[in-house]
Structures are given as C-alpha cells and as structure tokens.
Amino acid sequence: MNDFNKQEHWETIYKTKNLKEVSWYQKTPKISLDFITNFKIPKTAKIIDVGGGDSFFVDHLLNLT
C-alpha cells in the first residue's frame, strides 16, 4: 500500500503554490454568497466555512448589506 503523507502533501502545496494557482481559489465565492442572500440568512446567524482555508468568504460576508 502507498505510504502517502497527507500532512507533507498539503504543506508542500501551501509552500509552493501561489494563492491563485490552487484549484479551490475563488476571488468571489458567488455560490456561497448567493446561498446566504437567497435564503435570507440573518446577519446574526452563526456561519462556519468548513474547509475554507485561505477563503475570502468571510471578507465578502462582512460586506453584505
């Protein structure tokens, strides 16, 4: 069986890739923001961005009016 080291893998990704080079990069997380606005989630709701990493989701949430 392959001795794949997940920690080493992700550390290498974060050390060698630019933010815009990773597959999960989104300048604007439109789908998540649309979900919040379309379902009228209140500003007082507790939201967790699971697996968000270097996400800009929270920045956009703060800018929602």
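Is Asp34 buried, partly exposed or exposed? Asp34 comes out as partly exposed, at 28% relative accessibility. Here are my notes on the rest.

1. Ground rules. This is a predicted model: local features need pLDDT of at least 70, side-chain atom pairs count only at pLDDT 80 or more, and totals for chains, interfaces and linings use all residues. Residues are numbered from 1 along each chain as its sequence is written, and side-chain values use heavy atoms, with hydrogens and water left out.

2. Overall layout. The chain has 3 helices and 0 strands, and its elements run α-α-α from the N terminus on. The radius of gyration is 16 Å, well over the 11 Å that the globule rule gives for 65 residues, so the chain is more spread out than a compact globule. (That radius is taken over C-alpha atoms, and the rule is 2.2 Å times the number of residues to the power 0.38.) Helices here are DSSP runs of H or I with at least four residues, strands are E runs of at least two, and both are numbered from the N terminus. Along its principal axes, the C-alpha trace spans about 45 × 25 × 15 Å.

3. Burial and surface. Of the 65 residues, 11% count as buried. Buried means under 20% relative accessible area, exposed means over 50%, and partly exposed is in between (1.4 Å probe, protein chains only). The chain exposes about 6,100 Å², with carbon and sulfur atoms supplying 56% of it. Those areas come from the Shrake-Rupley method with a 1.4 Å probe; for residues, only the protein chains shown count as cover.

4. Contacts along the chain. Take contacts between residues at least 6 apart in sequence: 57% of them join residues at least 24 apart. A contact is a pair of heavy atoms within 4.5 Å.

5. The salt bridge. Back to Asp34: a search of the whole structure finds 1 salt bridge, and Asp34 forms a salt bridge with Lys30, the closest N and O atoms being 2.6 Å apart. The criterion is a side-chain nitrogen of Lys or Arg within 4 Å of a carboxyl oxygen of Asp or Glu. Both residues sit in helix H2, 4 residues apart, about one turn of the helix. Lys30 counts as exposed, at 52% relative accessibility.

6. Aromatic pairs. The structure holds 4 aromatic pairs. Tyr14 and Trp24 have ring centres 6.1 Å apart and planes at 45°, so the pair is tilted. This one links distant parts of the chain, with Tyr14 in helix H1 and Trp24 in the loop between H1 and helix H2 (30-38), 10 residues apart. Phe35 and Phe39 also make a tilted pair, with centres 4.8 Å apart and planes at 45°. For the record, rings of Phe, Tyr and Trp (its six-membered ring) pair if their centres lie within 6.5 Å; planes under 30 degrees apart count as stacked, over 60 as edge-to-face, and the rest as tilted. As for accessibility, Phe35 is partly exposed at 47%, while Phe39 counts as exposed at 57%.

7. The aromatic cluster. Ring pairs link Trp10, Tyr14 and Trp24 into a cluster. These residues also form a nonpolar patch on the surface, with about 340 Å² of accessible area together. Patch members have over 30% relative accessible area and no salt bridge; like charges are joined within 9 Å, and nonpolar side chains (Val, Leu, Ile, Met, Phe, Trp, Tyr) within 5 Å. Trp10 sits in helix H1 (residues 6-16). Each is partly exposed: Trp10 at 41%, Tyr14 at 45% and Trp24 at 36%.

8. Around Trp24 and Ile13. Leaving aside neighbours within four places in sequence, Trp24 is in contact with Trp10, Ile13 and Tyr14. Trp24 and Asp54 are 30 residues apart in sequence and 9.4 Å apart in space, C-alpha to C-alpha. Ile13 lies in helix H1 and is buried, with a relative accessible area of 18%. Not counting residues up to four places away, Ile13 touches Val22 and Trp24.

9. A backbone point to look at. Most residues other than glycine have a negative phi. Lys40 has a positive phi of about 50° although it is not a glycine. Lys40 is in the loop between H2 and helix H3 (57-63), and counts as exposed at 71% relative accessibility.
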